[in-house]
Amino acid sequence: MVRQSPSPQNVFRSRRSLWDTLIKSVSELLAQPTSLFTLLAVLIFILGYLHMRRIQFTTSMLINVALMLALTIVLHQLRLFHMPQGGSVTLGAMVPLLFLTYRYGAGVGCLAGFLYGMINLMQDAFIVHPLQVLFDYPLPYMALALAAVLPGRFYAGALLAFAGRFLCHYISGVVFFGSYAPPDTSPYLYSLVFNATYLVPEAIICLIVLRVLPVPRLLAAMDQRTPLYGAKLTQ
């Protein structure tokens, strides 16, 4: 069977839909200047931390961050399940962000998580409060940098990272989306069940991917000039 290439009309509609979504998300963010300043404050904090730790961004590091972010975006589109009110089970979309933390440490992991959170925000912004923006977009992915707390222990680090991400989404669900809970259902229980429904399978898939991949060799191949984060601690 010969597959037909997408028609120019379909390609145009797809690009226009993406552009319309981006404009809508930017408009919502600009309409909430407090949210914009809050995000800027988080970015300044991350950059300040990187400067304090004297982390030098090499060409290889920048290339790896860009590649891992692109891979995260692609994997996030390969959804096995999508919750009606947000949240998806993917084919291990968080693994590239974990790799950046494993390779370069918490600072670069936080920056990559923040950048991906901003990309996610631009793709589908839903803003009700400045703090909700933080707990739904950058912070959950920045929390993946918690994997750096356990250098060399990839599975335990991934579990800790997902626990941090779960906590961010759970707080947002309780504080800002408790009204979505069914009648006579506690918002605490609702947020717990809702977020566990997709984050637990997502964590399991990521652990399976980490098990299948030759993680140490891939980390070494990512950047041969920069010392592996935590190498001295794990020797």
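You are looking at a predicted model, where local features need pLDDT of at least 70, side-chain atom pairs count only at pLDDT 80 or more, and totals for chains, interfaces and linings use all residues. Residues are numbered from 1 along each chain as its sequence is written, and side-chain values use heavy atoms, without hydrogens and water.

Phe-81 sits in strand S1 (helices, H or I of at least four residues, and strands, E of at least two, are DSSP runs numbered from the N terminus).

Next, move to helix H4, residues 95–104. Is H4 enclosed or open? 10 of its 10 residues are buried, so H4 is largely enclosed by the rest of the structure. Now show H3, H5, H7, H8, H9 and H10, which are among the elements covering the buried residues of H4. Just past H4, click on Gly-105, which has a positive phi of about 100 degrees.

Then pick Phe-99, one of the buried residues of H4. Beyond its neighbours within four places in sequence, Phe-99 is in contact (heavy atoms within 4.5 Å) with Met-68, Leu-210, Leu-213, Val-215, Leu-218, Leu-219 and Met-222.

Technical notes
Buried means under 20% relative accessible area, exposed over 50%, partly exposed in between (1.4 Å probe, protein chains only).
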